[in-house]
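Please read the following report with the sequence and the model side by side.

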Amino acid sequence: VRISGVTVWGSKHIGLLVGSGEVEVRNTWVVDSAFVGVEAEQSYSAPTTLWLESCELAGNVAAGILAKDPGPVVSLDDTVIRDTRSHADGKSGYGIDVYGGASVSARSCVLEENSAVGVLAFQAGTSIALADTIVRGTRPSDDGQHGFGLQVSEGAQLEAEGCTVEG
């Protein structure tokens, strides 16, 4: 599946959900989704591979991008994830949220003004690799918690090279 030059605006739940297969997304905006901007999960027996290039995920709720479950592989290149807002319960608002054994790589990306955590990875088997990526201006969530640029816990793996994490 190839998606290019599309704007997903004001989705009532998830802006783009990928449950299996190979999906390439280029020059696409996912804006103001009521829940997650882009989600990759392992719904079916086929592997899930998602590649985003030159995209913008802005003003979404809970997470700009969420990768969960064993299996999904997500690659982000030259993509902006900004202004992710907390959920109605005052929690979350993560730029990138990866757990449950998923894998995310981000190259030449900008994550700015997200809530709670800019990049969150947790649980064993989960991995995130950042290269030449900027994480800045992460705000506390609406419940006043966190405000971390990066958070890695519960056995998740992080590799970062040539990155800047500030404010």
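## Basis and strand pairing

The structure is a predicted model, and the values given here are to be read accordingly.

## Val 110 and its surroundings

Val 110 belongs to strand β14, which covers residues 110–112, and with a relative accessibility of 19% it counts as buried, because the cut-off for that class is under 20%. Leaving aside residues up to four places away in sequence, Val 110 touches Thr 79, Val 80, Ile 81, Ile 134 and Arg 136. Between Val 110 and Gly 15 the separation is 95 residues in sequence, and their C-alpha atoms are 19 Å apart in space.

Arg 136, one of the residues that Val 110 touches, forms a salt bridge with Glu 112, the closest N and O atoms being 2.9 Å apart. This pair links distant parts of the chain, since Arg 136 is in strand β17 and Glu 112 in strand β14, 24 residues apart. Arg 136 is itself partly exposed, at a relative accessible area of 30%.

## The aromatic pair

The structure holds 1 aromatic pair, formed by Tyr 99 and Phe 122, whose rings are stacked with 4.9 Å from centre to centre and 10 degrees between the planes. Tyr 99 lies in strand β12 (residues 94–99) and Phe 122 in strand β15 (residues 117–122), so the pair ties together parts of the chain that are 23 residues apart in sequence. Tyr 99 counts as partly exposed, at 24% relative accessibility.

Across the whole structure, 11 salt bridges are found. One of them joins Asp 32 to Arg 85, with 3.4 Å between the closest N and O atoms; Asp 32 lies in the loop between β5 (29–31) and β6 (36–40) and Arg 85 in the loop between β11 (80–82) and β12, so parts that are 53 residues apart in sequence are tied together. Asp 32 is partly exposed, with a relative accessible area of 32%, and Arg 85 is likewise partly exposed, with 33%.

In another salt bridge, the side chains of Arg 139 and Asp 83 meet at 3.5 Å, N to O. Here Arg 139 sits in the loop between β17 (134–136) and β18, whereas Asp 83 sits in the loop between β11 and β12, 56 residues apart. Both partners are partly exposed, Arg 139 with a relative accessible area of 26% and Asp 83 with 29%.

## Surface patch and positive phi angles

Leu 150, Val 152, Leu 158 and Val 165 make a nonpolar surface patch of about 280 Å². Among them, Leu 150 is located in strand β18 (residues 148–153) and is partly exposed, with a relative accessible area of 32%.

Asp 69, in the loop between β9 (63–67) and β10 (73–77), has a positive phi near 80 degrees although it is a residue other than glycine, and at 26% relative accessibility it counts as partly exposed. Ala 116, which is not a glycine either, has a positive phi of about 75 degrees; Ala 116 lies in the loop between β14 and β15 and counts as buried, at 1% relative accessibility.

Terms used. Residues are numbered from 1 along each chain as its sequence is written. This is a predicted model: local features need pLDDT of at least 70, side-chain atom pairs count only at pLDDT 80 or more; totals for chains, interfaces and linings use all residues. Side-chain values use heavy atoms; hydrogens and water are left out. Helices (H or I, at least four residues) and strands (E, at least two) are DSSP runs, numbered from the N terminus. Buried means under 20% relative accessible area, exposed over 50%, partly exposed in between (1.4 Å probe, protein chains only). Contact means heavy atoms within 4.5 Å. Rings of Phe, Tyr and Trp (its six-membered ring) pair if their centres lie within 6.5 Å; planes under 30 degrees apart count as stacked, over 60 as edge-to-face and the rest as tilted. Patches are made of residues with over 30% relative accessible area and no salt bridge: like charges are joined within 9 Å, nonpolar side chains (Val, Leu, Ile, Met, Phe, Trp, Tyr) within 5 Å. Accessible areas come from the Shrake-Rupley method with a 1.4 Å probe; for residues, only the protein chains shown count as cover. A salt bridge is a side-chain nitrogen of Lys or Arg within 4 Å of a carboxyl oxygen of Asp or Glu.
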